[in-house]
Amino acid sequence: TGGHTTEILRLLSCLSESYSPRHYVLADSDKMSEAKIRSFEQKRAKTYSKSQFTLDRIPRSREVRQSWISSVVTTLYSILYSLPLTYKRKPDLILCNGPGTCVPVCLSAFLLGLLRIKRTIIVYVESICRVETLSLSGKILYYFSDYFIVQWPDLKKKYPKSVYLGRIV
Amino acid sequence: FRFKDSLAEDLQSADLVISHAGAGSCLETLEKGKPLIVVINDKLMDNHQLELAKQLHRDGCVLYCNCSNLVETLQSMDLSALKPFPPGQPEKFASFLDKVFGLQ
């Protein structure tokens, strides 16, 4: 969604073509991100002509301020929905930065890893908006990600297993 | 004016921006090098939105007020005291990932 998409496209801006093909996963209710992504990829294709990407949509796992109990149910549903997608794409790397959408995708990849079907490296970058506290996605994925990146020093102190590279967006 | 696709043009021609504490608004404004006054809505109190605004204020990059003292702030502000906002460095992220995958 919105700010998350802008941030993640900035993160992608300096990556080489080794990180290809790129598979974008969006919430079904997200109206604006697709245009931003296509625009980014179009620009990229001017430099890297063989550049490839795909776009998939999954049901939104949680509305803002949705209650705890219903969130667990909708998230479980989203994980089940994500499993075939993650299985199909078998990504080497999942890069995410906090929208609710990323939790089921990451958890489905984590599950495929446990089942020895595909080992995916999960890299989570907490949004630059998070200076002192983690988002809910962050709090969950802190335990499931291989690398958890924060952009402010306070968070590095509170979450010692995180990686601090300064501001990267 | 309700919902434009992009405020980039308006930002470019502005001399001063007064905005809510949304991260997108703050960052876009600061990156264009425009002075920014962030107005906090006491009644909304979405704490997570405030984190970035508070930090930017601590770093001296924005002015900070609420609805009731906006006029005062405008009258007494010293925009030259605002510090520039250094851009983020996505290349550090790329470098980090390359190391993870042994691409460096």
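**Charged and aromatic side chains**

Modeller: Happy to! In chain A, the charged end of Lys90(A) sits 3.8 Å from the centre of the Tyr87(A) ring, over that ring (NZ of Lys or CZ of Arg within 6 Å of the ring centre and within 35 degrees of the ring normal). Residues are numbered from 1 along each chain as its sequence is written, while chains are lettered from A and ligands numbered from 1 in the order in which they are written. This is a predicted model, where local features need pLDDT of at least 70, side-chain atom pairs count only at pLDDT 80 or more, and totals for chains, interfaces and linings use all residues; side-chain values use heavy atoms, leaving out hydrogens and water.

Now the aromatic pairs. Rings of Phe, Tyr and Trp (its six-membered ring) pair if their centres lie within 6.5 Å, with planes under 30 degrees apart called stacked, over 60 edge-to-face and the rest tilted. Over all chains, that rule gives nine aromatic pairs. Tyr19(A) and Phe101(B) are edge-to-face, because their ring centres are 6.1 Å apart and their planes stand at 80°. The pair joins two chains, because Tyr19(A) lies in the loop between helix H1 (2-12) and strand E1 (22-27) of chain A, and Phe101(B) in the segment after helix H5 (90-100) of chain B. Helices (H or I, at least four residues) and strands (E, at least two) are DSSP runs, numbered from the N terminus. Tyr19(A) is buried at 11% relative accessibility, whereas Phe101(B) is partly exposed at 28% (buried is under 20% relative accessible area, exposed over 50%, partly exposed in between, with a 1.4 Å probe and protein chains only). Tyr142(A) and Phe148(A) also pair edge-to-face, 5.2 Å centre to centre with 85° between the planes, and both are buried.

On to the salt bridges (a side-chain nitrogen of Lys or Arg within 4 Å of a carboxyl oxygen of Asp or Glu). The count over all chains is twelve. One of them links Asp146(A) to Arg119(A), with 2.9 Å between the closest N and O atoms. This pair ties together distant parts of the chain, 27 residues apart. Asp146(A) is partly exposed at 31%, while Arg119(A) is exposed at 55%. Elsewhere, shared partners join Glu17(A), Arg22(A), Glu41(A) and Arg44(A) into one salt-bridge network.
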